[in-house]
Amino acid sequence: MQRLQGIAVSPGVAIGEALVMDNEGFRIPRRFVARDAVEDELERLDKAMAAVSDEIARNRDAVSRELGGKYGAIFEAHLEMLHDAQLRSELEEMIRVRHYSPEYAVSRALRRYAQVFQKLGYLAERANDIFDIENRLLRNLLGRRREEISHLTSPVLVLAHNLTPSETSNLHRKFVRGFVTELGGPGSHTAIVAEGLGIPAVVGLGPFLADVSGGDLAIIDGDNGVVILHPDEETVARYRHELEEARNLAARLEVLRDLPAETADGVRVELLGNIEFPYEVDYCLERGADGVGLYRTEFLYLGAEEEPDEDVHFQAYSRVVKTMGQRPVTIRTFDLGADKVPHLTSPEDERNPFLGLRSIRLALRNLGMFRTQLRAALRASALGNVRIMFPLISTVLELRQAKMVLADVMEDLDEHEIEFNRDVPTGMMVEVPAAVMMIERFVDEVDFLSIGTNDLIQYTLAVDRSNKDVVALYNATDPAVLKLIRMTLEAARDKSIPANLCGQMSGNPIYTMLLLGLGLRQFSITPSVIPEIKKVCRSVTIEQCGQIAERARLMENARDIKAYLKEELRKHVPELAQ
């Protein structure tokens with residue numbers, strides 16, 4: 001059994017067979033071959049081995065000519081490994097006796113060889129030679145095309161080096177029970193999609209794919225950021241018990257779906273859903289959401305080879321707006337870095353994307369792209385209750401420039417007699433400390449605020465949440481973060497404008513009572529956690545929450561505050577306490 005620690009990005013537990021996608025992008029399923037197909041599969045293996053042998057030999061000869069025989073000997077060693085009689089015999093036994101597919105047999109055998117070299121410190125580098133041979137064989141057996149994980153037909157846990165935006169957008173929660181990646185952090189799009197789909201996910205594990213083959217049993221613990229490979233029976237039994245308890249809790253919370261999120265003393269709380277794709281609006285309705293508090297529009301760009309036109313935007317937005325009827329739908333303009341938009345030239349000196357050309361800065365630098373999105377959003381506003389929100393606002397000037405572009409687009413639509421809501425509410429994300437410091441100015445300029453705690457925590461504490469070496473310093477309960485949230489909510493209350501909180505913090509029951517005590521009355525959360533947050537709201541009074549917030553305010557560090565909040569949750573809503 002092997003226990004790995006990564007970064008927890010989507011809660012829950014998943015147990016199942018691994019589907020491995022390595023850094024070459026190969027999907028290596030545990031596929032079995034029929035008895036009468038064995039000879040054909042062996043022939044396919046032999047052809048692949050012959051093709052790889054010719055490829056390696058050509059590389060050896062070319063390198064020897066250019067650099068000398070000393071360097072060509074590297075490839076000669078690869079040939080010797082490939083032609084090893086024991087390897088060929090082992091592969092044949094796997095295919096002929098165990099009926100493994102050639103792809104699975106190659107991956108299984110060569111990864112075991114690589115592990116042997118890795119355990120022998122002085123020969124660890126030879127493991128890379130083994131991986132090179134494996135990749136060459138898989139390229140010939142599978143083809144060079146990266147296999148689509150949208151074509152799954154049975155439940156799996158996806159274990160990958162990384163997943164592209166288009167791949168994550170095509171994940172099907174019926175078959176993908178959870179996933180793990182070597183790269184990534186809490187703010188990665190992979191993480192956001194996992195949370196949106198309501199499936200457990202752990203990212204940022206670092207290199208581990210060499211230790212697992214397709215079909216191996218694995219466990220993903222999305223609550224604690226743990227991945228267990230080759231678990232023993234006792235561990236499997238323990239996690240199966242946890243899964244059963246989670247199912248029972250979900251069934252008990254189902255009765256709350258059509259009830260309002262109202263505190264025990266009668267204060268109404270709005271629970272809105274965060275969505276990434278149009279189809280997720282259905283999950284919002286299934287869970288009893290009061291609307292869509294955050295419609296992230298980034299995947300319209302990330303999954304496309306060229307800039308999406310106005311109709312592409314409009315079709316996506318109108319699907320959501322029509323489905324929600326008169327419930328509010330908050331469309332956030334694209335929150336992307338220039339390096340993530342395929343049709344834009346990447347900045348030459350983008351050393352720190354978090355502090356670079358992204359979000360509203362990118363929009364104001366690319367007005368054509370910005371106007372296209374705003375036109376579509378305004379057109380959709382004629383179909384329902386649409387709000388438009390600008391991300392990463394740090395100065396009043398930035399906000400006014402964005403509003404001027406919006407006003408200009410409105411004027412253009414008017415001239416062309418295109419219907420839209422002329423009084424569409426406009427708001428801004430509060431996710432940088434500068435915005436909080438000037439919040440009294442901003443509340444005069446907007447119709448609503450949305451606190452984005454994911455970035456607010458990162459910028460306040462100077463912690464890169466995608467870096468697992470410092471992610472432990474990323475604390476939602478840090479006193480400085482809580483003070484900024486309180487300042488924002490107080491400013492919104494004084495001006496009588498709505499304020500919600502749409503970061504991951506709002507979807508964790510541990511923080512619900514604290515946030516209610518700070519004055520939050522509108523949560524924007526992943527649809528899957530709406531029942532849990534509703535349960536907390538209906539179990540406490542605002543007075544109790546105020547006392548919790550006041551006591552937390554007097555504490556000096558995040559660790560003590562979080563421990564206190566866990567204890568209060570255990571006291572008031574024991575079934576949700578971990």
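The model you are looking at is a predicted one, and the distances here are computed from it. Arg559 counts as exposed because its relative accessibility is 66%. Asp560, at 37% relative accessibility, counts as partly exposed. Elsewhere, salt bridges with shared partners tie Glu39, Asp46, Arg88, Glu92 and Arg96 into one network.

A salt bridge is counted when a side-chain nitrogen of Lys or Arg lies within 4 Å of a carboxyl oxygen of Asp or Glu. By that rule, the model holds 38 salt bridges.

Arg371 and Asp408 meet through their side chains in a salt bridge of 2.3 Å, N to O. This pair connects distant parts of the chain, since Arg371 sits in helix 13 (residues 367–381) and Asp408 in helix 14 (residues 396–415), 37 residues apart. How accessible is Arg371? Its relative accessibility is 24%, so Arg371 counts as partly exposed. Asp408 has a relative accessible area of 36%, and is therefore partly exposed.

Further along, look for Asp444 and Lys495, whose side chains form a salt bridge at 2.8 Å, N to O. Here too the pair links distant parts of the chain, 51 residues apart. Asp444 lies in the loop between helix 16 (439–442) and strand 15 (448–451), while Lys495 belongs to helix 18 (residues 479–495). With 49% relative accessibility, Asp444 counts as partly exposed. Lys495, at 42%, also counts as partly exposed.

Now for the cysteines. How many disulfides does the model contain? The count is zero. Cys545 shows why: its sulfur is 7.8 Å from the closest cysteine sulfur, that of Cys537, which is too far for a bond. For a disulfide, the two sulfur atoms would have to be within 2.5 Å. Is Cys545 buried or exposed? Cys545 has 0% relative accessibility, so this residue counts as buried. Cys284 is another buried cysteine, because its relative accessibility is 0%.

Terms used
Residues are numbered from 1 along each chain as its sequence is written. This is a predicted model: local features need pLDDT of at least 70, side-chain atom pairs count only at pLDDT 80 or more; totals for chains, interfaces and linings use all residues. Side-chain values use heavy atoms; hydrogens and water are left out. Buried means under 20% relative accessible area, exposed over 50%, partly exposed in between (1.4 Å probe, protein chains only). Helices (H or I, at least four residues) and strands (E, at least two) are DSSP runs, numbered from the N terminus.
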